[in-house]
Every structure is written in C-alpha cells, then in structure tokens.
Amino acid sequence: MAELFWFEKYRPRSFDEVVDLEEVKARLREFVRGGNMPHLLFYGPPGTGKTTMALVLARELYGEYWRENTLELNASDERGINVIRERVKEFARTAPVGKAPFKLVILDEADNMTSDAQQALRRIMEMYAQNTRFILLANYVSRIIDPIISRCAVFRFSPMPRSLMAERLRHIAKSEGIELRDDAIDLIYEVSEGDMRKAINLLQVAAATSKVVDANAVASATTMIRPADVVELFNLAFNGDVTKAREKLRELMYVKGIAGIDFIRAFQRELIRMPLDDEVKAEIAELLAEVDYRLTQGSDEELQLLYLLSKLGAIGKRARQTPPPSKRR
Ligand SMILES: Nc1ncnc2c1ncn2[C@@H]1O[C@H](COP(=O)(O)OP(=O)(O)OP(=O)(O)O)[C@@H](O)[C@H]1O
C-alpha cells in the first residue's frame, strides 16, 4: 500500500541515495564503521529527511536484519510514556540480531512530549543504554529538555535546496515516465518550501491527470491559481476588457475559491515572464506590492482586486500609447 505514495516508493534506502545532508551522512557513516554510537537527536522542518535518515542508518547498521533490530514509536501516541516504557522494555529484553551490539529505537515527534514525559524518557534511555540506542526525531529542538539534548549527538536538518529538490523530482519523474517542465519545478519548490514529502506528493497528484507536468498542472493540484488563469485575467484587464476581467475574477474567487493574496503572489510570479517593457513591469510590480500590503492589512479582497484590474487597464492604455524604449528617440 505504502508504495502507492511516491514519497514512500522513492524513500532512499542507502546513504548514497539520500540527497544532500553530506555532513550528517559522513558522521553517521563513522558510527556504522566504528560499530557504536551515542543516542541521536534529529531535528528540523517536516519532510527534510529525518525519518529517512534514521531508517537508512538502521539498514546500514544491520543489513537484512534491520527490521528485527528497530522499533519505531510515535511520541504523540495518546497512550503516553507508559506505553513507550513497556514497548522499549519488551524490545530491549532480547539481544540484537547480527553483529551490532545494540538495537535501535526511533521515536518520532519527541518534541510533542511534555517535559515530565521527557524526564521519564530520559530515565528509560539510561535504563536500557546497554543494548539500545535512541534516535529522537523532532521539528523543534527548543522543545526538547536539556538533559536529553546533552545525552545525544544532535543533527540539524534543513529544507531541501532548490537544485537538489529539482534533481530528485527529475529522477522520480523519469522513473515514472513523466515529462516534468522547469516551470513546474519552480512552482513545486515554492509551494513546498523545501519539504520533500510535500514536493513529491504534489508531483504525484499533478501527474495523475497529465503525463506532462507543467506549472498549470501543479497549480491545479493545489488550491492555487493556475498561471494560465493569471495570464488570461491580466490580458483582459491590460487590454481594457473590464467587464470580462471582472467576470473572470469573480469566477476565480467564488467558484474556484482562490484567495486574494494568492492572486497577488501568482501575478508576482508570472510578471517576470510576461513579454512587457521593463518600465511597465516595474510599475505593475509596485502596484502589486501596494495591493499586497492592503490585503495583509485586512482590506476587502474583491474591492482591492477590482482596483488592481482597473489600474492594470490604465497602465495598459498608456503602454499602448507610448512606444517601447527601443523605438523612442
Ligand atoms: N535527503 C533526501 N533525499 C531524498 N529524498 C528525501 C530526502 N529527504 C526527504 N526525502 C523524501 O521525502 C519523504 C519524507 O521525508 P522524511 O519522512 O524523512 O521526512 P521527515 O524529516 O522525517 O519529516 P517529518 O518531520 O514530517 O516526520 C521521504 O519519503 C523521501 O521520499
């Protein structure tokens, strides 16, 4: 079942397959080579490879026996610390299978535990230190108590850089026989903010309807406005077709449920690519920033966007009357 999700299907299974995170890989490789390691704490935003790295480490430590030697727990399980204690106790009772001298407990969402629960966890970690090592996963290191931090080797995971995310997405697209366009990668990167799980999910949803994934397909897979809609709306307003522009705007707002601020962000993205004179682009960019500001201050969305459309109409009219700079004397 898990294979239905591409982020699971393409979850790296070895250090070599893991993209980025070179320093983390180097240090973990040392632990594998030495056959020993301290407890570990991996922290960082969602979808940045923490779970992946913990599972890769398990595979590298234990080879074919990685499942037998690994216990995965979720700390936000409502049954609490007593369940964790019982499960660890049971798990630590038997010796590790294979060569490694310890078993591995991967505890997800450790930062969701209360400080009391974390104090209890620390005692559990100490109690079974002889034949278990813990890998704690967390989004925020600030929510982990000092006595735990001081007992762990701490690793920070950062949002995936654009170029590496692009590389991974291209690899997945190729394996799935999907044509992935650059504008789609730009948009996926922007929406996912370096979260690989989110990025791969977006790609999968976009690819479900089309073998060619461009920015329009990606936008359709989210509640985002499609670049094609932005361009159409812009052209209507810029060319002075105010009535049609208003109809299109209302359709997007009330039928598709797109928020005002998303319009502005999409306009800002598309503006760069629009075949317009630089001066005109600068003027529109300023206008977008103005409307953006008013929307974030809580102004009425529809009024602001209608204002935007009428201003665009005026800019368009003037631009048509003024020849482009190259033709000016
Ligand atoms: N460095 C990476 N290289 C290749 N793929 C990655 C990498 N990091 C994440 N991924 C992909 O993203 C998916 C999600 O990553 P992972 O589960 O490791 O995130 P996480 O940091 O544990 O997130 P969370 O905090 O939400 O649990 C993986 O299944 C994998 O497909």
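1. In this predicted model, the C-alpha centres of domain 1 and domain 2 are 32 Å apart. Five residues of domain 1 and five residues of domain 2 make the contact. On the side of domain 1 that touches domain 2, two residues are nonpolar, three are polar and none is charged.

2. The division of the protein chain behind these figures is domain 1 (21-156), domain 2 (162-220) and domain 3 (227-320).

3. The shell around the ligand holds 23 residues, and the closest are Pro46, Gly49, Thr51, Thr52 and Met196. By class, the shell has eleven nonpolar, six polar and six charged residues. Charged residues are therefore present around the ligand, with six in the shell under the class scheme in which Asp, Glu, Lys and Arg count as charged.

4. Three helices each supply at least two residues of the shell: α1 (6-9), α3 (50-62) and α9 (196-209).

5. Helix α11 (residues 227-238) packs against helix α15 (residues 301-321) at an angle of about 60°, and their axes are 7 Å apart. That angle makes α11 oblique to α15. Phe234, Ala237 and Phe238 of α11 meet Leu309, Leu312, Gly313 and Gly316 of α15. This contact of α11 with α15 consists of five nonpolar and two polar residues, with no charged ones.

6. Helix α11 also packs with helix α13 (residues 260-271), here at an angle of about 85° and with the axes 10 Å apart. Is α11 roughly parallel or roughly perpendicular to α13? The angle makes α11 roughly perpendicular to α13, because angles of 65 to 115 degrees count as such. The residues in contact are Pro227, Val230 and Val231 of α11 with Ala266, Phe267 and Glu270 of α13. Five residues of this contact are nonpolar, none is polar and one is charged.

7. On confidence, the protein chain has a mean pLDDT of 90, and 96% of its residues reach 70 or more. For the complex, the predictor gives an ipTM of 0.97 and a pTM of 0.75.

Note on methods: Residues are numbered from 1 along each chain as its sequence is written. This is a predicted model: local features need pLDDT of at least 70, side-chain atom pairs count only at pLDDT 80 or more; totals for chains, interfaces and linings use all residues. A residue is near a molecule or strand if its C-beta atom, placed from the backbone, lies within 6 Å of it. Helices (H or I, at least four residues) and strands (E, at least two) are DSSP runs, numbered from the N terminus. pLDDT is the predictor's confidence in each residue, from 0 to 100. Domain bounds come from an automatic or database domain assignment. Two residues are in contact if their C-beta atoms, placed from the backbone, lie within 7 Å. Axes are lines fitted to C-alpha atoms, for helices over the stretch in contact, and angles run from 0 to 180 degrees between N-to-C directions. Angles under 35 degrees count as roughly parallel, over 145 as roughly antiparallel, 65 to 115 as roughly perpendicular and the rest as oblique.
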